[in-house]
Amino acid sequence: MLVVEDDQFVRSALIRHLTEASHTVRSVGTALEALREVAHHRFDVVILDLGLPDLDGSEALKMLRGITDVPVIIATARDDEAEIVRLLNDGADDYLTKPFSVEHLSARMAAVLRRARAAAGAEPPSRVLRVGGLAIDPLRRQAELDGTVLDLTRREFDLLAFLAGRPGVVVARRELLAEVWQQSYGDDQTIDVHLSWLRRKLGETAARPRYLHTLRGVGVKLEPPL
């Protein structure tokens with residue numbers, strides 16, 4: 001679990017209760033720290049406060065949704081119905097108004113996790129995708145490079161798997177946004193950032209690519225190294 005809460009008292013209480021419930025918990029107090037965490041670690045659930053010191057939680061939610069599809073539960077003192085509806089439409093999976101009991105939070109978390117696991121279980125069986133030394137298993141959501149498991153975020157894995165399913169084919173950025181991010185439009189910088197993170201984990205750079213090749217003004221392709 002990732003707890004994003006700037007109030008130290010509330011954060012400590014959440015960490016204590018979640019740890020007692022046998023959850024592994026990481027916590028941060030700002031939106032920027034939260035984005036760094038989800039970019040480098042995989043979480044089952046993010047508990048997000050809206051009143052963060054560096055960025056409003058609603059904006060942080062949109063940025064989180066740009067890099068991960070991890071379930072997000074909003075936990076805040078705001079109780080405006082219109083805002084709740086907007087946040088749910090923007091990608092929040094559930095919403096809790098402070099103050100709330102630990103039992104209430106645990107029940108909401110369990111429900112969100114059940115939905116996430118049911119959605120994952122509904123995916124059809126898939127074959128392992130191989131491109132050079134890369135092996136991507138969409139069913140297990142695991143990627144290996146030369147036999148070593150890669151530590152990828154959900155969005156990084158989705159991007160890699162999508163390109164691996166079309167080896168050697170140049171994929172337009174608009175198609176990546178539609179298929180990987182499920183967006184009809186967006187900022188190219190989002191794709192560039194994820195490609196940069198992915199290249200780093202593949203041991204390459206944009207200047208010296210091995211697997212990931214960018215064709216300026218056209219798109220991106222994944223192919224085995226020469």
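Which side chain meets D158 in a salt bridge? I looked, keeping in mind that this is a predicted model. The partner is R141, with 2.8 Å from N to O. D158 sits in helix 6 and R141 in the loop between strand 7 and strand 8, so this pair ties together parts 17 residues apart in sequence. I also checked how open R141 is: its relative accessible area is 35%, so I noted it as partly exposed.

Next entry: helix 2. I found it at residues 31-40, with A31, A34, L35, E37, V38 and A39 buried. I then asked what those buried residues pack against, and the list includes strand 1, strand 3, helix 3 and helix 8. Strand 2 and helix 6 are also among the partners.

E37 got a second look. It forms a salt bridge with R26, and the closest N and O atoms are 2.5 Å apart. R26 belongs to strand 2 and E37 to helix 2, so the bridge ties together parts eleven residues apart in sequence. E37 counts as buried because its relative accessibility is 13%, under the 20% cut-off. R26, at 38%, counts as partly exposed.

Then I followed R42, which pairs with D151 at 3.4 Å between the closest N and O atoms. D151 is partly exposed, at 45%.

D56, R78, E83, R86 and D90 are linked in a network of them.

Notes:
Residues numbered from 1 in each chain as written. Predicted model: local features only at pLDDT ≥ 70, side-chain atom pairs only at ≥ 80, totals over all residues. Heavy atoms only, no water. Buried < 20%, exposed > 50% of the residue type's maximum accessible area, 1.4 Å probe, protein only. Helix = DSSP H or I, 4+ residues; strand = E, 2+ residues; numbered from the N terminus. Contact = heavy atoms within 4.5 Å. Salt bridge = Lys/Arg side-chain N within 4 Å of Asp/Glu carboxyl O.
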